[in-house]
Amino acid sequence: MPNLKLGPLHLRRIDTTRNMRRFYLLSIQPTLFGRVSLIRDWGRIGTTGQTMVQTFDASAEAGEAFGRLERAKRRRGYTSAEERV
């Protein structure tokens, strides 16, 4: 299984006029059985939020899903947490 170099991606969407402070975290982790999981955490900043885990047979599939989700979130106004510093 090829090693994916996609590290955790921390995204934020803050709009004070709408009282919106959201986070979205994407990460890819190998499973114990040779598969790959895409882990998504999201919610309001300051809360635990929610988590969803999707498991894929191939790391390429997980990478494609990672890219799709990142593009969708950026279209909705999310930016990298590092860009806001």
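Is Tyr 24 buried or exposed, and what is its relative accessible area? Tyr 24 is buried, with a relative accessible area of 5%. The views below come from a predicted model.

**View 1. The open sheet of five strands.** The strand order is β4-β3-β2-β1-β5, with antiparallel pairing. β4 (50-56) and β5 (79-80) are the edge strands; each has a single partner, so one side of each is left without a neighbour in the sheet. Helix α1 packs on the sheet and touches β1, β2, β3, β4 and β5. The direction of α1 makes about 170° with that of β2.

**View 2. The pairing of β2 with β3.** These two strands run antiparallel and are joined by nine bridges. Across this pairing, Leu 26 stands opposite Arg 40 in β3.

**View 3. The largest nonpolar core.** This core has 13 residues, and those touching the most other members are Tyr 24, Leu 26, Ile 28, Leu 38 and Phe 66. Two or more residues come from each of β1 (9-15), β2 (20-30), β3 (36-44) and α1 (59-75). The largest share, four residues, is supplied by α1. In soluble globular proteins, nonpolar side chains tend to be buried together.

**View 4. The surroundings of Leu 26.** Neighbours within four places in sequence are left aside here. Leu 26 is in contact with Gly 7, Pro 8 and Leu 9, with Leu 38, Ile 39 and Arg 40, and with Phe 66, Leu 69 and Glu 70. Among these contacts, Leu 38 and Phe 66 are also listed with Leu 26 as core residues that touch the most other members.

**View 5. The stacked pair of Tyr 24 and Trp 42.** A search of the whole structure finds two aromatic pairs. In the pair of Tyr 24 and Trp 42, the ring centres are 6.3 Å apart and the planes lie at 25°, so the pair is stacked; the limit for stacking is under 30 degrees. Tyr 24 belongs to strand β2 and Trp 42 to strand β3, so the pair ties together parts that are 18 residues apart in sequence. Trp 42 is partly exposed, with a relative accessible area of 25%.

**View 6. The edge-to-face pair of Tyr 24 and Tyr 78.** The rings of Tyr 24 and Tyr 78 are 6.2 Å apart centre to centre, with 70° between the planes. This pair links distant parts of the chain, 54 residues apart: Tyr 24 is in strand β2, and Tyr 78 is in the loop between α1 and β5. Both Tyr 24 and Tyr 78 are buried. Together, Tyr 24, Trp 42 and Tyr 78 make up one aromatic cluster.

How values were computed: Residues are numbered from 1 along each chain as its sequence is written. This is a predicted model: local features need pLDDT of at least 70, side-chain atom pairs count only at pLDDT 80 or more; totals for chains, interfaces and linings use all residues. Side-chain values use heavy atoms; hydrogens and water are left out. A nonpolar core is a set of buried Ala, Val, Leu, Ile, Met, Phe, Trp, Tyr and Cys residues joined through side-chain atoms within 4.5 Å. Buried means under 20% relative accessible area, exposed over 50%, partly exposed in between (1.4 Å probe, protein chains only). Contact means heavy atoms within 4.5 Å. Two strands pair if DSSP finds at least two bridges between them. Axes are lines fitted to C-alpha atoms, for helices over the stretch in contact, and angles run from 0 to 180 degrees between N-to-C directions. Rings of Phe, Tyr and Trp (its six-membered ring) pair if their centres lie within 6.5 Å; planes under 30 degrees apart count as stacked, over 60 as edge-to-face and the rest as tilted.
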